[in-house]
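Try each task before reading its solution.

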Amino acid sequence: MPTSARVESLSDSGLATIPKEYVRPESERDNLGDAFDEATKLDSAGPQVPVVDLAGFDSTDEKERAKCVEALRKAAEDWGVMHIVNHGIAKEVIEKVREVGKAFFDLPVGEKEKYANDQESGDIQGYGSKLANNECGQLEWQDYFFHLIFPEEKTNLALWPKQPAEYTEVTKEFAKQLRVVATKMLSMLSLGLGLESGKLEKELGGMEELLMQMKINYYPKCPQPELALGVEAHTDVSSLTFLLTNMVPGLQLYYGDKWVIAECVPDSLLVHIGDTLEILSNGSYRSILHRSLVNKDRVRISWAVFCEPPKETIVLQPLPELVSEAAPAKFPPRTFKQHIQHKLFKKTEEELALPK
Ligand SMILES: [Fe+2]
């Protein structure tokens with residue numbers, strides 16, 4: 001089977017067992033199972049991804065605002081991931097985003113191939129599936145569509161889906177409204193660190209330089225979900241990642257030495273603190289390890305929006321205000337590009353260290 005085959009085509013072929021490239025090694029199979037089964041096992045007394053209500057931050061009452069900042073700070077320090085409700089994005093916009101994304105993926109694979117990216121030559125925007133990047137040739141049970149959505153002047157609309165016809169308009173509006181939420185989150189997270197509210201936004205490049213890239217993840221039904229992963233375990237390199245889903249579970253977080261599945265919370269967005277904020281906050285905010293499960297019965301779609309600093313023009317390092325003799329810098333200075341390379345290199349080292 002060619003490594004560029006679409007997972008959707010594999011799934012539609014009705015195979016009963018998955019090709020060996022998709023079978024995860026034994027070491028990754030802790031709490032690996034059908035996402036619906038894992039969600040049923042979720043223990044209400046056990047740890048769960050916190051929910052943060054952002055409504056309080058719009059209050060004129062200073063105490064309410066402070067309470068809201070505190071709730072977010074706590075979630076960012078303890079989990080590094082949270083559901084946010086009352087985020088301010090219009091419900092109709094969220095619904096439309098779900099509709100146009102689904103409509104695009106409902107097109108025949110042949111139609112979607114017209115947007116295929118070319119990862120090897122660095123054209124990462126477009127329709128794709130993960131390429132095997134090592135000799136083990138491990139693959140993920142997922143196809144995706146990836147493109148830049150903000151700032152508008154940096155987007156390349158020629159690469160966006162032309163079907164359905166409303167895709168561009170809906171996505172532009174979503175990007176605009178989500179950018180406001182990003183600013184709000186960064187303000188609150190700055191205040192949570194005892195900094196002035198605009199600090200993190202400025203450190204990340206502000207309105208002009210901070211990039212928002214969207215990856216629509218399409219996880220087809222999988223006949224052996226106990227052996228496969230939609231996305232393998234990783235931490236996000238971004239500053240913040242926003243995640244919207246079609247309300248099918250799948251996201252698992254590594255918390256307290258075990259994998260915990262995230263519930264689907266109505267009218268929420270899930271937000272990850274990424275490595276970039278972990279670095280700037282000198283480790284106060286946490287970039288949590290996570291992965292995606294798949295399931296037998298329903299297609300899962302998620303919309304991940306990564307808020308990233310420019311690749312080379314900003315040096316990321318713990319903010320001087322947060323570094324002292326008692327709390328020395330935990331991370332050396334690096335650009336975003338260097339951070340990504342460092343991670344890839346580290347991963348290779350870890351892979352090399354694995355017993356054969
Ligand atoms: Fe992620």
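Before starting, one working definition: two residues are in contact if their C-beta atoms, placed from the backbone, lie within 7 Å. Keep in mind, too, that this is a predicted model.

**Exercise 1. The whole chain**

Task: Find how many helices and strands the protein chain has, and judge how compact the chain is.

Solution: 
- Begin with the secondary structure, which comes to 10 helices and 14 strands.
- Next, compare sizes: the radius of gyration is 20 Å, close to the 21 Å that the globule rule gives for 356 residues, so the chain is as compact as a globular protein of that length.
- Finally, picture a box along the principal axes; the C-alpha atoms fill roughly 55 × 50 × 45 Å.

**Exercise 2. Helices α4 and α6**

Task: Work out how α4 and α6 are oriented to each other, and which residues meet.

Solution: 
- Locate helix α4 at residues 91-105 and helix α6 at residues 167-192; their axes come within 9 Å and cross at roughly 140°.
- Angles over 145 degrees would count as roughly antiparallel. The crossing is roughly 140°, and α4 and α6 are therefore oblique to each other.
- The handedness of this crossing is left-handed.
- Now list the partners: from α4 come Val93, Lys96, Val97, Val100 and Phe104, and they meet Tyr167, Val170, Glu173, Phe174 and Gln177 of α6.
- Sorted by class, this contact has 7 nonpolar, 1 polar and 2 charged residues.

**Exercise 3. Helices α3 and α6**

Task: Repeat the analysis for α3 and α6: what is their orientation?

Solution: 
- Helix α3 spans residues 62-78, and its axis lies 9 Å from that of α6, at an angle of about 85°.
- Angles of 65 to 115 degrees count as roughly perpendicular, and α3 and α6 are therefore roughly perpendicular to each other.
- On the α3 side, Cys68, Val69, Leu72, Arg73 and Ala76 meet Met188, Leu189, Leu191 and Gly192 of α6.
- This contact has 7 nonpolar, 1 polar and 1 charged residues.

**Exercise 4. Backbone exceptions**

Solution: 
- Look for Met247 in the loop between β7 (240-245) and β8 (251-255).

**Exercise 5. The annotated domain**

Task: Describe the secondary structure of residues 210-309.

Solution: 
- An unreviewed UniProt entry places the feature "domain: Fe2OG dioxygenase" at residues 210-309.
- Over this stretch the chain is 6% helix and 46% strand, and the end C-alpha atoms are 5 Å apart.

Terms used:
Residues are numbered from 1 along each chain as its sequence is written. This is a predicted model: local features need pLDDT of at least 70, side-chain atom pairs count only at pLDDT 80 or more; totals for chains, interfaces and linings use all residues. UniProt positions are given in the numbering used here, feature names are shortened, and annotations may be inferred rather than shown by experiment. Helices (H or I, at least four residues) and strands (E, at least two) are DSSP runs, numbered from the N terminus. Axes are lines fitted to C-alpha atoms, for helices over the stretch in contact, and angles run from 0 to 180 degrees between N-to-C directions. Angles under 35 degrees count as roughly parallel, over 145 as roughly antiparallel, 65 to 115 as roughly perpendicular and the rest as oblique. A crossing is left-handed if the near helix is turned anticlockwise from the far one by less than a right angle, and right-handed if clockwise. Ala, Val, Leu, Ile, Met, Phe, Trp, Tyr, Cys and Pro count as nonpolar, Asp, Glu, Lys and Arg as charged, and the others, Gly among them, as polar. The radius of gyration is taken over C-alpha atoms; the globule rule is 2.2 Å times the number of residues to the power 0.38.
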